[in-house]
Amino acid sequence: MTTLLKSSILGLLLLTTYNYAGGKAVAPVEAEVLPVPENISPWYLGVGLVAAKFHACGDGCSYEDLTYGGMLRGGYDFNAYFGLEARGIRTFLDKGPFGGVPLQHIGIYAKPQYPISEQINIYGLLGYGYTENLGNGARLNYFDTDYGVSAGIGFEYDFSDKKGDFDIKANYNRTFDGYANQGKGWSLFIDYQRLLIKSSVPDMDVISVGLRYDF
C-alpha cells in the first residue's frame, strides 16, 4: 500500500511538470557572455613634418620666405568632442638662394572636435603660444619673438580597429573609447595653423602632416 501511494505521488508530480512545460522537454538556458571592454587611454602623441611660410611687409618693402621642419604634438581627450593639446614646432630647412627664416613655436590649445565618420575626425585649435624667429641678418628684423593667440584647423584619418557603428540617420552613437572616433592605434593628420594672430607681427602660417598614436 505504501509503495503504491509513493508511485502515485511521483506519477502526479511528473505529469504536472510535463503539462507546465507544454509537453516538451525544456533545454537549459545558456548565460550570455558579455565582451570585456578594452582599456584605452585618452592620451595621444603625434609627430609630423611642417612647411612654415613667413610673410611681412611695411615701409615700402616686403619679405616672404618658406622653411621646413618638424613638429611634436601630444594631448588628452576628455570626451568625443573636446580635448587639450600641446605642440611644438621647429623649422630648419629653407627654400630659396638666400636661406629661410627658421621659426620656433610652442603652445597649448583647446581642441574642439567632431567625428564625421568612423574614419574621419575634424578638429579646431584655439590657444596661446610663443613664437621665435631664429634667423640672423638685417632683412629678418621684421620680427624677433612674441606671445599671443594661435589657432588652426585640421582632420585625422583613423587606421585603428573601430568600436561601434556609424549610422548617418542615427548620428554617431557610441561610448567614448579614448579618442573621438578612434580606438587604440595609428591615425594620419593634416592641419593648418596661424602661429600668432596679432597685427603687430608678420603672418606665420604652418601646414603640418604626420602620424599620431592613441594609447
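How does tryptophan 186 count by relative accessibility: buried, partly exposed or exposed?

1. Tryptophan 186 counts as partly exposed, because its relative accessibility is 47%, and the limit above which a residue is called exposed is 50%. The model is a predicted one, and the values in this note are to be read accordingly. Tryptophan 186 belongs to strand E9, residues 185-194. When neighbours within four places in sequence are left aside, its contacts are Asp158, Phe159, Ser160, Leu211, Arg212 and Tyr213.

2. The overall layout may be stated next. The chain contains one helix and ten strands, and their order from the N terminus is α-β-β-β-β-β-β-β-β-β-β. The chain has 215 residues, and 37% of them count as buried. Among contacts with a separation of 6 or more, 64% are between residues 24 or more positions apart. The accessible surface of the chain is about 13,100 Å², and carbon and sulfur atoms account for 64% of this area.

3. The largest nonpolar core consists of 19 residues, and Phe54, Ile89, Leu103, Phe143, Leu195, Met204 and Val206 have the most contacts inside it. Two or more core residues come from each of strands E1 (43-58), E2 (61-79), E4 (103-115), E5 (120-133) and E10 (203-214). The most come from E1, which gives four residues.

4. Phenylalanine 143 may be examined as one of the core residues with the most contacts. Neighbours within four places in sequence apart, phenylalanine 143 is in contact with Phe54, Thr131, Glu132, Asn133, Leu196, Val201, Pro202 and Met204. Of these partners, Phe54 and Met204 are also listed among the core residues with the most contacts.

5. E4 and E5 are antiparallel and joined by eleven bridges, and they form a hairpin with four residues between them. Within this pair, glutamine 104 faces glutamate 132 of E5. E5 is in turn joined to strand E6 (residues 145-158) by 13 bridges, again in an antiparallel arrangement. There, leucine 125 has glycine 152 of E6 as its bridge partner.

6. Alanine 110 is a residue of strand E4. Is alanine 110 buried, partly exposed or exposed? Its relative accessibility is 26%, so alanine 110 counts as partly exposed; the limit for a buried residue is under 20%. Residues up to four places away in sequence not being counted, alanine 110 touches Phe82, Gly83, Leu84, Gly124, Leu125 and Leu126. The C-alpha atoms of alanine 110 and phenylalanine 82 are 7.6 Å apart, while the two residues are 28 apart along the chain.

7. The aromatic pairs number eight. One of them is the stacked pair of tyrosine 81 and tyrosine 114, with 5.8 Å from centre to centre and 25° between the planes. Why does this pair tie together parts that are 33 residues apart in sequence? Tyrosine 81 is placed in the loop between E2 and strand E3 (82-94) whereas tyrosine 114 is in strand E4, and the pair therefore links those parts. Tyrosine 81 is partly exposed, at 41% relative accessibility, and tyrosine 114 is partly exposed as well, at 31%.

8. A further pair is made by tyrosine 157 and phenylalanine 159: the ring centres are 5.6 Å apart and the planes stand at 65°, so the pair is edge-to-face. Tyrosine 157 is partly exposed at 33% relative accessible area, whereas phenylalanine 159, at 52% relative accessibility, counts as exposed. Phenylalanine 159 is also among the contacts of tryptophan 186. Elsewhere, ring pairs connect Trp43, Tyr76, Phe78 and Phe82 into a cluster.

9. The charged end of lysine 111 sits over the ring of tyrosine 123, 4.6 Å from the ring centre. Arginine 212 lies over the face of tyrosine 44, at 3.5 Å from the ring centre. Arginine 212 is also listed among the contacts of tryptophan 186.

Notes. Residues numbered from 1 in each chain as written. Predicted model: local features only at pLDDT ≥ 70, side-chain atom pairs only at ≥ 80, totals over all residues. Heavy atoms only, no water. Core = buried A, V, L, I, M, F, W, Y, C linked by side-chain atoms within 4.5 Å. Buried < 20%, exposed > 50% of the residue type's maximum accessible area, 1.4 Å probe, protein only. Contact = heavy atoms within 4.5 Å. Areas by Shrake-Rupley, 256 points an atom, 1.4 Å probe, with all protein chains shown as cover. Phe/Tyr/Trp six-rings, centres within 6.5 Å; stacked < 30°, edge-to-face > 60°. Lys NZ or Arg CZ within 6 Å of the ring centre and 35° of its normal. Pairing = 2+ DSSP bridges.
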